[in-house]
Each structure stands twice: as C-alpha cells, then as structure tokens.
Amino acid sequence: MADKNRRDEDDNDRLDDEMIDDAVDDDADEADEPVGRGGTATRERTRADSADSRPKTKTEGRVGMFGRLARFFREVVAELRKVIWPTRKELLTYTAVVVVFVAVVLTIVAGLDYAFARGVLWVFGGSS
C-alpha cells in the first residue's frame, strides 16, 4: 500500500513538472525579442520608428528656455510622486538613529583628539 501511495505521489510530481515545463516553453515561444543579461531589453526599430527618424530641421526640434524649464519641473514632480515618503513615526525614528550615531562618533573623535594632543605634549615637553 505504501508503495502504491509513493508511486501516485511520484506520478503527480512528474505531472506537475511537465506542466511547469510546458508553461516555460510557451513563454519562450512568445518572446521573439532577445533580452540581454543584466541590461535592458532592446527592440528592433519598426518601420514607423524609422520613418520618424528623419533629420529634424533647426526650428522643428528646438524648444525655448521656458519650455525646457517647464519640462524639467514636470519631470521633477513626476519623480517626487514615485518616492515612498516615510511616516511621521519612521521619520522620528530615523532622525533619532542619526542623532545618536553622530553623538557616538563625535565622542570617539573627541576622545582620540584629546589623547593625541596629550601624547604630543608629553613627547615634545609642552607645558601642561
């Protein structure tokens, strides 16, 4: 009986593996475009893209200073909307951590400064 249950489990595992393999193969068939490792996927230009790639005249591609400035601020606002802003509690926690860390480092540096100053005065015989 135990052998029969073991065989059923093996058959089910094999079926699951085959279904996963089929799903992976289906996804591979749909992807016609090559994807490089560690970079972004590149697409070949379509005819519509190549038709728009004609050289622009000087007046057609030019945007004034105010247009560029407005575009810059629109992009800044768009990026700021993507930011995950911390809650008040998180902000207070992060601030406390930074203040404590700075105080610890300040204490270490001040202690080393004092020790080296005393050492230099002792070596060179300064007045203390």
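This is a predicted model: local features need pLDDT of at least 70, side-chain atom pairs count only at pLDDT 80 or more; totals for chains, interfaces and linings use all residues.
Me: Where in the protein chain is confidence lowest, and where is it highest?

Reply: Confidence should be read before any detail. The mean pLDDT of the protein chain is 75, and 51% of the residues score at least 70. Helix α2 (residues 47–51) has the lowest confidence, with a mean of 54, whereas α4 has the highest, at 97.

Me: How many residues does helix α4 have, and what distance does it reach?

Reply: A helix may be checked by setting its span beside the expected one. Helix α4 covers residues 88–124, which amounts to 37 residues. From its first C-alpha to its last, α4 reaches 54 Å, close to the 54 Å expected at 1.5 Å a residue. After α4 comes G125, which has a positive phi, near 70 degrees.

Me: How many salt bridges does a search of the whole structure find?

Reply: The search finds 2 salt bridges. In one, the side chains of R71 and E75 meet at 3.1 Å, N to O; in the other, K82 and E79 meet at 3.2 Å, N to O.

Me: Why do residues three or four places apart in an α-helix point the same way?

Reply: An α-helix has 3.6 residues a turn, so residues with that spacing point the same way. In this structure, R71 and E75 both belong to helix α3 and are 4 residues apart, about one turn of the helix. K82 and E79 also lie in helix α3, 3 residues apart. K82 is exposed, at 59% relative accessible area, while E79 is partly exposed, at 47%.

Me: What share of the protein chain is made up of buried residues?

Reply: Burial is judged from relative accessible area. Buried residues make up 0% of the 128 residues. The accessible surface comes to about 12,900 Å², and carbon and sulfur atoms account for 60% of that surface. A nonpolar patch on the surface has about 960 Å² of accessible area together, and its members include L69, F72, F73 and W85. L69 lies in helix α3 (residues 65–82) and is partly exposed, at 42%.

Me: Why is the pair of F72 and F73 called edge-to-face?

Reply: One examines the ring centres and the angle between the planes. The search finds 1 aromatic pair. The ring centres of F72 and F73 are 5.4 Å apart and the planes stand at 70 degrees, so the pair is edge-to-face. F72 is partly exposed, at 48% relative accessibility, and F73 is partly exposed, at 49%.

Methods:
Residues are numbered from 1 along each chain as its sequence is written. Side-chain values use heavy atoms; hydrogens and water are left out. Buried means under 20% relative accessible area, exposed over 50%, partly exposed in between (1.4 Å probe, protein chains only). Accessible areas come from the Shrake-Rupley method with a 1.4 Å probe; for residues, only the protein chains shown count as cover. Rings of Phe, Tyr and Trp (its six-membered ring) pair if their centres lie within 6.5 Å; planes under 30 degrees apart count as stacked, over 60 as edge-to-face and the rest as tilted. Helices (H or I, at least four residues) and strands (E, at least two) are DSSP runs, numbered from the N terminus. The expected span of a helix is 1.5 Å times one less than its number of residues. pLDDT is the predictor's confidence in each residue, from 0 to 100. Patches are made of residues with over 30% relative accessible area and no salt bridge: like charges are joined within 9 Å, nonpolar side chains (Val, Leu, Ile, Met, Phe, Trp, Tyr) within 5 Å. A salt bridge is a side-chain nitrogen of Lys or Arg within 4 Å of a carboxyl oxygen of Asp or Glu.
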